[in-house]
Amino acid sequence: MNATPLLLFPDALVSARQRRALSQRHLAVEMQMDPSHVCALEKGRKGAVTPALLERLAKALGLSAEERAGLEWAAMHDQVVLCARDHAGEDAARMVSLGLQAQRALSTEEQQGVRALLFQLVSAKRALTSLAGGHSMSP
């Protein structure tokens, strides 16, 4: 199984906090919240991160616009991935995660190439399934 973490927000938050040499406790004091809440956020044990919480984190951490956008993207990523996991399972969630990360990292032209390749794979799978008389081609 893939050892890559499914959630990205916890690591993004830890990195932002550590870049500022803040402890979890200090961040919690700055945000006027219980330190256990900060710990839970960094462990990925809290659900969706709300815009209000992102605002408070950005302010307490003194994030630049670019850093804030990165933290917001990680929170959005995790929300979408958790939804995929809840509705379609761990493997689907990992595919969604990779798709989101590719969309963010690749140029428009590269994204088009990836989409074309995925379309070809799905089309080939359908054609093989059809040739097999509708039976699944799984090993």
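Modeller: Helices here are DSSP runs (H or I, at least four residues) numbered from the N terminus. The model is predicted, so to speak of local features requires pLDDT of at least 70 and side-chain atom pairs count only at pLDDT 80 or more, while totals for chains, interfaces and linings use all residues. Residues are numbered from 1 along each chain as its sequence is written, and side-chain values use heavy atoms, leaving out hydrogens and water.

With a salt bridge taken as a side-chain nitrogen of Lys or Arg within 4 Å of a carboxyl oxygen of Asp or Glu, the model contains 7 salt bridges. Three of them can be followed in detail.

Glutamate 67 and arginine 19 form a salt bridge through their side chains, at 3.7 Å from N to O. Because glutamate 67 belongs to helix H5 (residues 65–88) and arginine 19 to helix H1 (residues 9–19), this pair ties together parts that are 48 residues apart in sequence. As for accessibility (buried under 20% relative accessible area, exposed over 50%, partly exposed in between, with a 1.4 Å probe and protein chains only), glutamate 67 is partly exposed at 26%. Arginine 19, by contrast, is exposed, with a relative accessibility of 52%.

Helix H5 also holds a pair within itself. Arginine 68 bridges to glutamate 72, with 2.8 Å between the closest N and O atoms. These two residues are 4 residues apart in helix H5, which means that about one helical turn separates arginine 68 from glutamate 72. Arginine 68 is partly exposed, at 26% relative accessibility, and glutamate 72 is likewise partly exposed, with a relative accessible area of 31%.

A further pair lies in helix H6 (residues 90–105), where glutamate 90 and arginine 94 are 4 residues apart and therefore about one helical turn from each other. The closest N and O atoms of the salt bridge between glutamate 90 and arginine 94 are 3.4 Å apart. Glutamate 90 is partly exposed, its relative accessible area being 31%, whereas arginine 94 is buried, with a value of 16%.
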